[in-house]
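Thanks for passing this one along. Here are my notes, point by point, to read with the model open beside you.

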Amino acid sequence: MYSKGTLIFFCGKMGAGKSTLSRQISQELNGILLSEDDWLSTLYPEEIKNFDDYLKYANRLKPLLISHIRNILNSGVSVVMDFPANTKNQRAWFKNIFLTENIPHRLIYLEIDDKICIEQIAKRRETNPERSVFDTEEVFRHVTSFFQPPSADEGFSIEVVKR
């Protein structure tokens with residue numbers, strides 16, 4: 001009998017460290033890392049100019065990935081998703097991937113203070129100047145206004161990381 005891979009995904013405010021932790025976990029598990037930023041910047045290099053553009057193109061991408069991700073998970077390989085699970089609707093998309101096929105999952109919630117997130121965003125601007133348009137405190141505040149921490153009643157296996 002073979003086992004299925006585990007779907008691992010993250011909830012945390014902008015700058016909380018989701019991308020860093022996703023890379024680390026994918027290496028530890030020898031799993032497949034899928035990064036929303038990588039997919040969007042490759043498929044839509046000129047189209048995403050603001051937050052509304054991001055939402056538009058991210059929503060186009062997600063339906064294409066569901067069966068692909070399920071196939072990988074059903075083959076026994078874990079998938080680490082560096083895609084945000086920061087709202088109930090975003091988390092429902094992840095649930096759609098694993099629930100119907102009883103695939104194990106881990107939702108890792110990075111509960112990080114806003115001040116630390118803003119500091120990390122500033123550091124990211126220095127190391128990745130191409131992100132300077134989006135990695136600002138103003139964008140952080142706007143994106144954070146939509147943030148909804150996960151709750152037990154959503155039915156996820158939640159691991160909380162505090163800092």
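1. Contact here means heavy atoms within 4.5 Å. Please keep in mind that this is a predicted model, where local features need pLDDT of at least 70, side-chain atom pairs count only at pLDDT 80 or more, and totals for chains, interfaces and linings use all residues. Residues are numbered from 1 along each chain as its sequence is written, and side-chain values use heavy atoms, with hydrogens and water left out.

2. Leu7 belongs with Phe9, Ile69, Met81 and Trp93 as the residues that touch the most other members of the largest nonpolar core, which has 29 residues. Two or more residues each are given to this core by strand 1 (7-12), helix 3 (51-74), strand 3 (79-84), helix 4 (88-98) and strand 4 (105-111). Helix 3 supplies the largest share, 10 residues. Apart from this core lies another, of 15 residues, among them Ile8, Met14, Ala16 and Val80. A nonpolar core is a set of buried Ala, Val, Leu, Ile, Met, Phe, Trp, Tyr and Cys residues joined through side-chain atoms within 4.5 Å. Helices (H or I, at least four residues) and strands (E, at least two) are DSSP runs, numbered from the N terminus.

3. Which residues of helix 1 are buried? They are Lys18, Leu21, Ser22, Ile25 and Ser26; buried means under 20% relative accessible area, exposed over 50% and partly exposed in between (1.4 Å probe, protein chains only). These residues cover an arc of only 130 degrees around the axis, which puts them on the same side of helix 1; the arc is taken from the directions from the helix axis to the C-beta atoms. Their cover includes strand 1, strand 2 (32-35), strand 3 and strand 4. On the face turned away from the buried side sit the exposed residues Gln27 and Glu28. Just after helix 1, Asn30 has a positive phi of about 55 degrees.

4. Helix 6 (residues 137-144) has Val139, Phe140 and Thr144 buried. They lie on the same side of helix 6, because they cover an arc of only 130 degrees around the axis. Helix 5 (114-127) is included in what covers them.

5. Finally, have a look at Asp153, in the loop between helix 6 and strand 5 (158-162). Asp153 is exposed, with a relative accessible area of 65%.
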